[in-house]
Amino acid sequence: MHFTMSLPKPPSEISFRSAFAPRFANHSLPRLSMPEKAMPKEAAYRNIHDELKLDADPKLNLASFVNTSMEEECNKLVMESINKNYVNMDEYPMTTDLHNRCVNMLARLFNAPMEESESESGVGVGTVGSSEAIMLAGLAFKKRWQNMRKAQGKPFDRPNIVTGSNVQVCWKKFAMYFEVELKEVKMSEGCYVMDPARAVEMVDENTICVAAILGSTYNGEFEDVKLLNDLLLRKNKQTGWETSIHVDAASGGFIAPFLYPELEWDFRLPLVKSINVSGHKYGLVYAGIGWVLWRTKEDLPQELIFHINYLGADQPTFTLNFSKGSSQIIAQYYQLIRLGKEGYRNVMENCRENAMVVKEGIVNTGCFNIVSKDEGVPVVAFSLKDRSRHDEFKISAMLRRHGWVVPAYPMPPGAEHIIVLRVVIRADFCRQMAERLVMDITNALHELEMLPQYNSNKSDQAINTSGSINMKDDQNNRNVEGVKWIALDVQRHIIAQEAINKRQKILAA
C-alpha cells in the first residue's frame with residue numbers, strides 16, 4: 001500500500017511580509033491618475049494614515065479658531081449619523097427637528113423678539129459654516145433693498161455694503177460673486193476694527209447693510225455694534241433711508257452671551273436684522289457647521305426660499321448647496337443640551353483665563369507689544385518692539401519646530417506695516433499648554449539672539465511703499481539667511497550632545 005503525502009503549498013509572497021515591510025511599502029501612492037488595480041484595504045488605510053501623520057497636530061494649531069475636540073459620546077453620535085443626508089427631511093424627521101431646536105435656542109440666546117411662549121419659532125438655517133451663512137444673509141439684504149427700490153421706482157442696479165477692511169475674506173467673496181460694491185473703512189495703527197462713525201459716513205441710499213464684526217479675525221476685538229446702531233438710527237431718521245446691520249459673530253457669538261451678557265450687540269438693537277455664528281468655532285463642534293438667524297420672518301424675503309417635493313414631501317430650502325451631512329447638526333444639539341449656559345460659561349471663562357496667562361507671559365519677555373484686547377475673543381495678538389535682529393516670521397518658524405503653529409501676518413489695509421503673531425485659545429488649550437507655549441516663545445527669542453545681526457533693511461524692503469508685502473522679495477531674503485539657520489541647528493545639536501555626554505560621565509562616576 002502506498003501512501004501519498006500532499007505537501008502544503010508554499011505560502012504566498014504576502015505571508016512573508018511583516019508589518020514593517022508590507023507589500024505596498026515600496027510603492028508610491030497614485031497622485032494624478034486613478035490606479036488600474038485595487039489594493040488591500042489595510043494597505044490603503046496604512047499608507048494614507050502614515051502620510052497624514054506629516055500634518056500638524058490640530059491641538060497645537062493655534063492659527064485656527066475651529067474646534068478640534070469633542071467628548072467621546074458626541075463623537076459616537078457623529079459616527080452613527082455620518083451617513084445621513086440632511087436634505088432628506090422627510091426621511092430623517094428627527095434630524096430636522098434637532099436642527100429646528102438649535103435655531104430656536106440660538107434665536108433666544110441672541111435675544112430675537114419673540115413671545116414668551118415656547119411655541120414661537122426662530123427664523124434661521126444651518127449652514128456648512130459662516131461663509132455660507134454670510135452669503136445667505138447678504139442675499140437677503142440685497143433682495144430686500146431691491147424690492148424697496150423697485151417699489152419706490154428708483155434704480156436698483158448699484159447695491160453696496162459697508163464693512164471694515166478687517167473683514168474675513170468671505171465678505172469679499174460675497175461682494176464679488178453677487179455683484180455688490182464693497183466699501184471698506186480702512187484701519188490705522190492702534191485702531192484695528194471698524195470705526196462706526198466713519199462707517200456711517202460711507203452709507204448712502206444704495207447701501208444694503210453695514211456689517212459689524214463681533215470678534216475680528218486679526219486680533220479678536222469686538223466692534224462697537226451699539227454705537228453703530230445709534231449713529232445709523234440718527235442717519236436713517238435724517239435721510240429717510242432704512243439701512244440696517246448684519247453682525248458677523250462667527251467667533252464671538254458663542255462668547256459674548258456668556259462672558260459679556262450686558263454687552264448690547266445682538267437683536268436687542270433694533271437695526272440688527274441678521275446674525276451669523278460658527279458652530280464649529282466656539283460652538284464647540286467639529287468643522288462643517290454654521291448658523292444664520294434673522295430678527296423676524298419679514299427680514300427674510302420669501303422669494304429666496306425654494307420649495308421642493310421630489311424627496312417625498314414638500315419642504316422649504318434656503319441654502320447655497322443641496323446635500324450636506326447631518327452629523328454636525330446633531331453634534332451642535334448635543335453640545336447645547338450637554339453644556340447648557342453654565343457649561344458654555346465655564347468653557348469660555350477657562351479660555352479667557354488661559355489667554356491672560358499667555359498674554360502675561362508674552363508681556364514679561366519685554367519684547368512685544370500686545371495688539372489684542374482683553375474683552376473679545378480669547379486671542380493674543382502681539383508684535384515685536386524691535387525688529388532689527390529678527391522678525392515675527394522667524395519666531396513663527398522657530399515655534400513650528402516645537403510643534404506650535406502660530407501664524408505671522410500683516411494687519412488689515414491701512415495698517416499693513418504692522419506685523420503680528422496670533423495665538424487663538426480654544427477649549428482644548430489647557431493651562432499647562434499655555435505655560436509651555438510661553439516657555440517655547442522665550443526659548444525661541446533666546447535662540448534667535450544667537451544668530452548673527454539680522455539685516456532689518458532687507459526685511460523692510462519686502463514691504464513696499466504702499467504697505468503691502470512683496471512675498472517674492474521676502475522669500476528671497478529668508479533663503480539668503482537659510483545657511484545661518486542650518487549653522488545654528490548644527491551648533492545646537494553639538495551643544496546638546498556635549499551636555500548628554502557630560503551627564504553620562506557624571507552618572508557613570
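Trainee: In which hand do α9 and α11 cross?
Mentor: In this predicted model, helix α11 covers residues 431-449, and its axis lies 9 Å from that of α9 at an angle of about 20°. The crossing that α9 makes with α11 is right-handed.

Trainee: How are α9 and α11 oriented to each other, parallel or antiparallel?
Mentor: The two helices pack at an angle of about 20°, and angles under 35 degrees count as roughly parallel. The orientation of α9 and α11 is therefore roughly parallel.

Trainee: How many charged residues belong to the contact of α9 with α11?
Mentor: On the α9 side the contact is made by Glu-353, Asn-354, Val-357, Val-358, Gly-361 and Ile-362, and these meet Arg-431, Ala-434, Glu-435, Leu-437, Val-438 and Ile-441 in α11. By class, the residues of this contact divide into seven nonpolar and two polar, and the charged ones number three.

Trainee: How are α2 and α9 oriented to each other, parallel or antiparallel?
Mentor: Helix α2 (residues 72-80) and helix α9 (residues 327-364) have axes that come within 8 Å and cross at roughly 150°. Angles over 145 degrees count as roughly antiparallel, and α2 and α9 are therefore roughly antiparallel.

Trainee: Which residues in α9 does α2 meet?
Mentor: Here α2 passes α9 in a right-handed crossing. From α2, the residues in contact are Glu-73, Cys-74, Leu-77 and Val-78, and their partners in α9 are Ser-327, Ile-330, Ala-331 and Tyr-334.

Trainee: How many nonpolar residues does the contact of α4 with α5 have?
Mentor: Ser-131, Ile-134, Met-135, Gly-138 and Leu-139 in α4 meet Cys-170, Trp-171, Lys-173, Phe-174 and Tyr-177 in α5. Two residues of this contact are polar and one is charged, while the nonpolar residues number seven.

Trainee: Which element supplies the largest share of the lining of the largest pocket?
Mentor: The largest pocket, with about 640 Å³ of space, is lined by 27 residues, and those nearest its centre are His-99, Asn-100, Gly-124, Val-125 and Pro-316. At least two lining residues come from each of α3 (93-109), β1 (123-127) and β9 (315-317). The largest share, five residues, is supplied by α3.

Definitions and conventions: Residues numbered from 1 in each chain as written. Predicted model: local features only at pLDDT ≥ 70, side-chain atom pairs only at ≥ 80, totals over all residues. Heavy atoms only, no water. Axes fitted to C-alpha atoms, helices over the stretch in contact; angles between N-to-C directions. Helix = DSSP H or I, 4+ residues; strand = E, 2+ residues; numbered from the N terminus. Parallel < 35°, antiparallel > 145°, perpendicular 65-115°, else oblique. Left-handed = near helix turned anticlockwise from the far one by under 90°. Contact = heavy atoms within 4.5 Å. 1 Å grid on protein atoms, 1.4 Å probe; cavity = no way out; pocket = protein on both sides within 12 Å on 5 of 7 lines; lining within 4 Å. Points joined across faces, edges and corners; volume = space filled by probe spheres on them. Nonpolar A, V, L, I, M, F, W, Y, C, P; charged D, E, K, R; others polar.
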